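Dear colleague,

I am passing on the structure we spoke about, and it is shown just below.

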Amino acid sequence: MAYDAAPPELRPQRPGSHEIRQRLEHERGSRLAQLRSLTGSGQTVDDHLMSTQKEAVTKVLREIEDAFARLDDGTYGSCLRCGEAIPEERLEILPYTHHCVGCRRSA
């Protein structure tokens with residue numbers, strides 16, 4: 001059910017910015033812990049797998065910071081490609097996502 005298509009009394013309640021910030025803080029904390037674990041693993045920086053994992057975690061941390069910026073500027077929850085609202089279910093799973101499923105698939 002689309003948020004704007006249903007009458008106000010039937011629309012699901014979207015989480016407020018405080019709850020979204022908590023989700024993003026949790027995700028950031030988890031990723032920072034992963035990064036610390038990778039850094040302190042005793043493996044050399046030349047290890048390709050570790051390097052790839054660090055890059056992936058760092059990318060997600062950038063996406064989380066971008067989500068905080070979108071929350072601050074009022075664009076959080078809107079797809080950056082098509083402008084449509086990203087479904088709440090997707091934001092619960094990936095609170096830092098910036099594309100709806102359709103746009104992500106075609107990207």
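With which residue does Arg-21 form a salt bridge, and how far apart are the closest N and O atoms? Please bear in mind that this is a predicted model. The partner of Arg-21 is Asp-72, and the closest N and O atoms of the two are 2.3 Å apart. Because Arg-21 belongs to helix α1 and Asp-72 to helix α2, the pair ties together parts that are 51 residues apart in sequence. In total, seven salt bridges were counted.

The two helices joined in this way are α1, residues 17-39, and α2, residues 48-73, whose axes come within 10 Å and cross at roughly 160 degrees. Angles over 145 degrees count as roughly antiparallel, and α1 and α2 are therefore roughly antiparallel to each other. Their crossing is left-handed, and the residues of the contact between α1 and α2 comprise 13 nonpolar, five polar and eight charged ones.

I also looked at the second largest pocket, which holds about 160 Å³ of space. Its lining consists of Lys-59, Glu-63, Arg-90, Leu-94, Tyr-96, Thr-97, His-98, His-99 and Arg-104, and by class this lining has four charged, three polar and two nonpolar residues.

Definitions and conventions:
Residues are numbered from 1 along each chain as its sequence is written. This is a predicted model: local features need pLDDT of at least 70, side-chain atom pairs count only at pLDDT 80 or more; totals for chains, interfaces and linings use all residues. Side-chain values use heavy atoms; hydrogens and water are left out. On a 1 Å grid over the protein atoms alone, a cavity is a set of points where a 1.4 Å probe fits but cannot get out, and a pocket is an open set with protein on both sides within 12 Å along at least five of seven lines; lining residues have an atom within 4 Å of a point. Grid points are joined across faces, edges and corners, and a volume is the space filled by probe spheres set on the points. Ala, Val, Leu, Ile, Met, Phe, Trp, Tyr, Cys and Pro count as nonpolar, Asp, Glu, Lys and Arg as charged, and the others, Gly among them, as polar. Axes are lines fitted to C-alpha atoms, for helices over the stretch in contact, and angles run from 0 to 180 degrees between N-to-C directions. Helices (H or I, at least four residues) and strands (E, at least two) are DSSP runs, numbered from the N terminus. Angles under 35 degrees count as roughly parallel, over 145 as roughly antiparallel, 65 to 115 as roughly perpendicular and the rest as oblique. A crossing is left-handed if the near helix is turned anticlockwise from the far one by less than a right angle, and right-handed if clockwise. A salt bridge is a side-chain nitrogen of Lys or Arg within 4 Å of a carboxyl oxygen of Asp or Glu.
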